[in-house]
Amino acid sequence: MRLAETIDVTFPDGSRLSQPPGRTAGELLSAWHPEKAAEYLAARLDGLLIDLARTVDRSGPLWPVTFEDRVGREILHHSAAHVVAKAVTVAAPGSLPTVGPGSEEGFYYDFDMPPITPELFERIRSVSQRIVSEDQPFERREVSREEALRLFALNPHKRGYVEKAAAGEGITIYRTGDWIDLCRGPHVPSTRWLAGLYLLGFSGVTQGGAPGGLPLQRVRGVAFPTRALLEEYRTMRREAEARDHRILGSRLELFHFVEEAPGLPFWLPRGMIVLRELEKFVGEHLRDAGYSEVRTPLLFSSTVFETSGHWEHFRDNMFLTSVDGRPYGVKPMNCPGAMLVFRARARSYRELPLRLAEWAPLHRLEASGTLHGLTRVRGFTQDDAHIFLTEEQIETEVRTLLRWIREAFSTFDLAWKLELSTRPEKFLGEIAQWDRAEALLRGVLDSSGAPYHVNPGDGAFYGPKIDVYVRDSIGRSWQTGTIQVDYQQPIRFGLEYQGADGGLHRPIVVHRTVLGSFERFTGILLEHCAGRLPPWLAPVQVRLLPVSERHLARAEELAREWRGQGIRAEASDSATTLSKRVRAGEVEKVPYLAVVGDTEIATGQVTLRIHGEKAPRALAAAEAAALLVDRIRQRSFRP
RNA sequence: GCCGCCGUAGCUCAGUCGGCAGAGCGGCUGAUUUGUAAUCAGCAGGUCGGGGGUUCAAUUCCCUCCGGCGGCUCCA
């Protein structure tokens with residue numbers, strides 16, 4: 001026995017501690033910073049995640065894991081999943097827990113059990129709370145395979161996981177009170193650390209997500225180390241609900257849906273103004289960047305989609321019909337039309353890059369359960385274009401696109417990031433070609449300085465792509481634009497151009513959108529700005545409010561005058577109190593309200609109430625108009 | 001599409017343990033002419049999502065279809 005041996009650990013700040021063996025990670029970390037002991041969720045010893053209660057049996061760097069860390073959140077959420085598993089087995093005896101992972105965002109646990117009812121869900125909630133308040137420790141134990149099989153004798157799912165575990169892999173279990181779960185860990189020390197546990201909901205899922213899989217019941221939730229953090233989260237959620245674009249859209253009369261056309265939006269007059277302004281915004285860029293526009297048919301014979309590959313790969317998502325007894329499909333994407341335009345006559349290298357924009361309505365038969373307001377619809381229009389070019393031209397083109405993406409999203413005050421998706425397992429074409437394209441995209445991304453991360457193997461089967469994700473103001477991430485390098489469509493459609501060498505060559509196609517679809521983008525934008533659209537997009541930019549009937553003529557005169565200057569201005573009547581009309585303007589989120597009364601008429605001013613500013617400003621009428629014209633032309637995000 | 005939940009006026013929601021369907025907001029009309037987030041009064045508006053069943057009687061109970069919501073899967 002070597003009693004004299006000591007353990008040397010190094011903390012993140014470089015300080016060291018030598019102790020005789022037998023101390024736990026928690027004890028050592030508490031010795032380092034006792035005041036922070038309550039924040040420690042787990043520890044990292046020499047890179048390995050361990051419970052705080054584990055004995056530190058060797059020297060090395062010892063770091064605390066807290067809720068501030070990604071992995072800390074994961075651990076906390078995973079521990080919360082255990083609590084819920086226990087709660088479910090208490091509330092619904094006989095339920096068989098299967099898997100319950102935690103992530104940075106939250107956790108879920110899937111159970112093999114009859115469907116959960118709202119009443120049962122409430123019981124699960126209250127049992128979970130009770131377990132948290134009972135401060136039950138998470139106790140780790142290593143067990144033999146045989147013991148594990150015996151412990152989970154009643155749960156075939158857990159037995160299955162034990163049997164699947166690799167031969168050399170140690171099997172560990174965690175005990176929480178009288179509840180035992182198979183788990184690698186680590187976990188927080190006890191359920192007290194889950195003070196901010198909150199169940200979000202329940203739903204049916206299928207095992208493995210497979211369509212015919214075993215039906216399971218999922219309970220989802222989030223957890224925070226304190227009640228205060230949970231309250232903060234719930235406040236954010238409530239705010240998110242108030243920003244729901246589906247509600248804002250109908251309240252502001254921008255768009256709506258009818259039962260007879262699920263997933264197919266109606267753009268109402270006010271919404272059309274927003275849509276047309278967005279189109280104008282993108283259109284100006286396309287003109288400057290050397291694009292030309294085409295419009296191709298909405299429907300094609302199936303033979304076109306056979307050529308493009310959609311018939312084989314996408315038919316289930318297409319609206320199909322028949323014409324003269326032959327199968328036709330409504331186009332789900334613009335690319336086939338663009339290919340046919342390119343192929344319509346002989347092409348020269350002098351035409352490349354040939355940039356063909358098309359903003360055609362597209363239809364995809366999305367599964368009914370996935371429809372969601374404007375962000376997931378069956379009929380939409382992309383700010384789409386196809387660029388026919390040579391491999392040498394890709395780099396410059398992508399660079400220009402990234403610059404435009406940066407400019408576009410900053411106009412909308414949206415934070416964005418990029419993802420590079422590389423060659424998937426199932427791909428068409430040559431590896432060398434893929435490698436070249438990937439290296440090229442990577443190079444452009446690196447030199448652009450734009451933040452991005454790589455999704456290995458997530459590219460389309462025809463080529464690598466860069467996707468644009470935007471984050472709205474409450475932290476949700478949405479895919480919008482995409483830049484896809486495509487080698488396959490030109491082959492399928494037999495596209496050729498005559499090169500400077502006199503020979504025929506095959507172009508490459510870059511598919512690209514920036515806003516993505518106007519529909520989804522509008523939805524995102526509405527949520528981002530909570531319905532307070534920037535002045536240049538607002539359906540009504542300014543409303544003139546006469547204080548009383550005798551000021552009505554002046555309000556109408558100014559409204560007329562300002563409309564002449566390109567401002568969307570209107571005058572209210574004077575049938576209700578000014579207060580009420582101010583309130584209506586606020587509720588309708590009109591960015592500028594201009595009050596006209598005796599004082600203003602005497603001085604030739606208006607009192608301009610600018611959304612977001614506390615004090616109204618008294619301005620000469622012409623000055624107010626100039627201010628609006630300027631903000632609108634600048635496409636300023638805020639009024 | 002799958003699992004669960006939901007569907008009452010334009011909107012937000014009461015209500016009916018099976019017996020003539022309600023409010024607020026909004027709309028319309030009238031009075032009021034208003035100084036920065038809701039003036040007062042009156043009126044109109046519903047086959048209680050569609051269809052079928054049980055019942056003397058169904059908005060209420062049952063079945064089914066449609067749509068919505070939350071997940072799953074998928075994606076602009």
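Which element gives the most to the surface near RNA strand B? In this predicted model, local features need pLDDT of at least 70 and side-chain atom pairs count only at pLDDT 80 or more, whereas totals for chains, interfaces and linings use all residues. Residues are numbered from 1 along each chain as its sequence is written, chains are lettered from A and ligands numbered from 1 in the order in which they are written, and side-chain values use heavy atoms, with hydrogens and water left out.

Helix H17 gives the most to this surface, with six residues. Helices (H or I, at least four residues) and strands (E, at least two) are DSSP runs, numbered from the N terminus. RNA strand B is surrounded by 51 residues, the closest being Ser 203, Arg 376, Ser 574, Arg 583 and Glu 600; a residue is near a molecule or strand if one of its heavy atoms lies within 4 Å of it. The residues of the surface comprise 14 nonpolar, 21 polar and 16 charged, where Ala, Val, Leu, Ile, Met, Phe, Trp, Tyr, Cys and Pro count as nonpolar, Asp, Glu, Lys and Arg as charged, and the others, Gly among them, as polar. Of the RNA atoms within 4 Å of the protein, 49% belong to sugar or phosphate and the rest to bases.

A polar side-chain atom of Ser 368 lies 2.6 Å from a phosphate oxygen of RNA strand B. The bases are also approached: an N or O atom in the side chain of Ser 517 is 3.0 Å from a base nitrogen, and a polar backbone atom of Glu 549 is 3.1 Å from a base oxygen. Elements that give two or more residues to the surface include strand S11 (196-206), strand S28 (508-517), helix H18 (598-603) and S32.

Strand S32 also belongs to an open sheet of five strands with mixed pairing, in the order S30-S29-S31-S32-S33; two strands pair if DSSP finds at least two bridges between them. The edge strands, S30 (569-571) and S33 (617-620), each pair on one side only. Strand S32 (residues 605-610) and S33 run antiparallel and are joined by four bridges, and Leu 608 has Arg 617 in S33 as its bridge partner.

Elsewhere, strands S17 (residues 320-323) and S18 run antiparallel, joined by four bridges. These two strands form a hairpin with two residues between them, and Asp 324 in the turn has a positive phi of about 50°. Val 323 stands opposite Arg 326 in S18.

Methods. A polar contact is a pair of N or O atoms within 3.5 Å; within protein, one must be able to donate a hydrogen and the other to accept it, and residues adjacent in sequence count only if both atoms are side-chain atoms.
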